[in-house]
Amino acid sequence: MGALETAGAVEIRAGSPEDLDAVYAEVRGVPGLRARAVPATGVAGEQGSVVELVTVACSGGAITVLMQIVKSLVDSRGPGITLKFRRGEDRLEVTAKNADEILPLLENLFRDES
């Protein structure tokens, strides 16, 4: 088990590769968050690797930072961004028009960490 596979780790997927790239760009290097991009399994005939998901390990105050990043992304990427979160057995998939729709659901996902 890697360092990112902890109780505070969350997997993030997105409806489009561009949205997932934006998530990874925002969380990478942020103090208190440990992010890792997981490449998709290669498909015959395709070159390069596409990111399938981003794993972010966080707890306590870093959860607030992650939620601020999500809010910023939802606000900047426009309506209809789809984000999928998995934390342990808990799964959350949302297509949001604005951050106000997604943040309460994400807070629920991390309720026992705050």
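## Reading the packing and charges of this chain

Me: Which residues in H1 are buried?

Reply: In H1, the buried ones are Asp 19, Leu 20, Ala 22, Val 23, Tyr 24 and Val 27. "Buried" means under 20% relative accessible area, "exposed" means over 50%, and "partly exposed" covers what lies in between (1.4 Å probe, protein chains only).

Me: What should I know about the model before going on?

Reply: This is a predicted model, in which local features need pLDDT of at least 70 and side-chain atom pairs count only at pLDDT 80 or more, while totals for chains, interfaces and linings use all residues. Residues are numbered from 1 along each chain as its sequence is written, and side-chain values use heavy atoms, with hydrogens and water left out.

Me: How do I read pLDDT here, and what is its mean for the chain?

Reply: pLDDT is the predictor's confidence in each residue, from 0 to 100. The chain has a mean pLDDT of 79, and 82% of its residues reach 70 or more. Over residues 1–6, however, pLDDT stays under 50. For that stretch the model has nine contacts beyond four places in sequence, a contact being heavy atoms within 4.5 Å.

Me: How many helices and strands are there, and in what order do the elements run?

Reply: There are three helices and five strands. Starting from the N terminus, the order is β-α-β-β-α-β-β-α. Of the 114 residues in the chain, 40% count as buried. Among contacts with a separation of 6 or more, 57% are between residues 24 or more positions apart.

Me: Back to H1, then. What do its buried residues pack against?

Reply: They pack against E1, strand E2 (34–39), E3, H2 and strand E4 (81–87). After H1 comes Gly 29, with a positive phi near 85°.

Me: How is the packing of H1 and H2 described, and at what angle do they pack?

Reply: Axes are lines fitted to C-alpha atoms, for helices over the stretch in contact, and angles run from 0 to 180 degrees between N-to-C directions. Helix H1 (residues 17–27) packs with H2 at an angle of about 140°, and their axes are 10 Å apart. H1 is therefore oblique to H2; under 35 degrees would count as roughly parallel, over 145 as roughly antiparallel and 65 to 115 as roughly perpendicular, with the rest oblique. On the H1 side, Glu 18, Asp 19, Ala 22, Val 23, Glu 26 and Val 27 meet Leu 66, Ile 69, Leu 73 and Arg 77 in H2.

Me: How many salt bridges does a search of the whole structure find?

Reply: Side chains of opposite charge can pair when their charged atoms come close. For a salt bridge, a side-chain nitrogen of Lys or Arg must lie within 4 Å of a carboxyl oxygen of Asp or Glu. The whole structure has five of them. A network of salt bridges links Glu 11, Arg 13, Glu 52 and Arg 86.

Me: What are the N to O distances from Arg 13 to Glu 11 and to Glu 52?

Reply: Between Glu 11 and Arg 13, the closest N and O atoms are 3.8 Å apart. The salt bridge of Glu 52 with Arg 13 has an N to O distance of 3.0 Å. Arg 13 is partly exposed at 28% relative accessibility, and Glu 52 is partly exposed at 35%.

Me: Is Glu 11 buried or exposed, and what is it in contact with?

Reply: Glu 11 counts as buried because its relative accessible area is 19%. Beyond neighbours within four places in sequence, Glu 11 is in contact with Leu 53, Val 54, Thr 55, Lys 84, Phe 85 and Arg 86.

Me: Which residue forms a salt bridge with Lys 71?

Reply: Asp 75 does, with the closest N and O atoms 2.9 Å apart. Lys 71 and Asp 75 are four residues apart in helix H2 (residues 61–77), so about one helical turn separates them. Lys 71 is partly exposed at 35%, and Asp 75 is partly exposed at 44%.

Key
Helix = DSSP H or I, 4+ residues; strand = E, 2+ residues; numbered from the N terminus.
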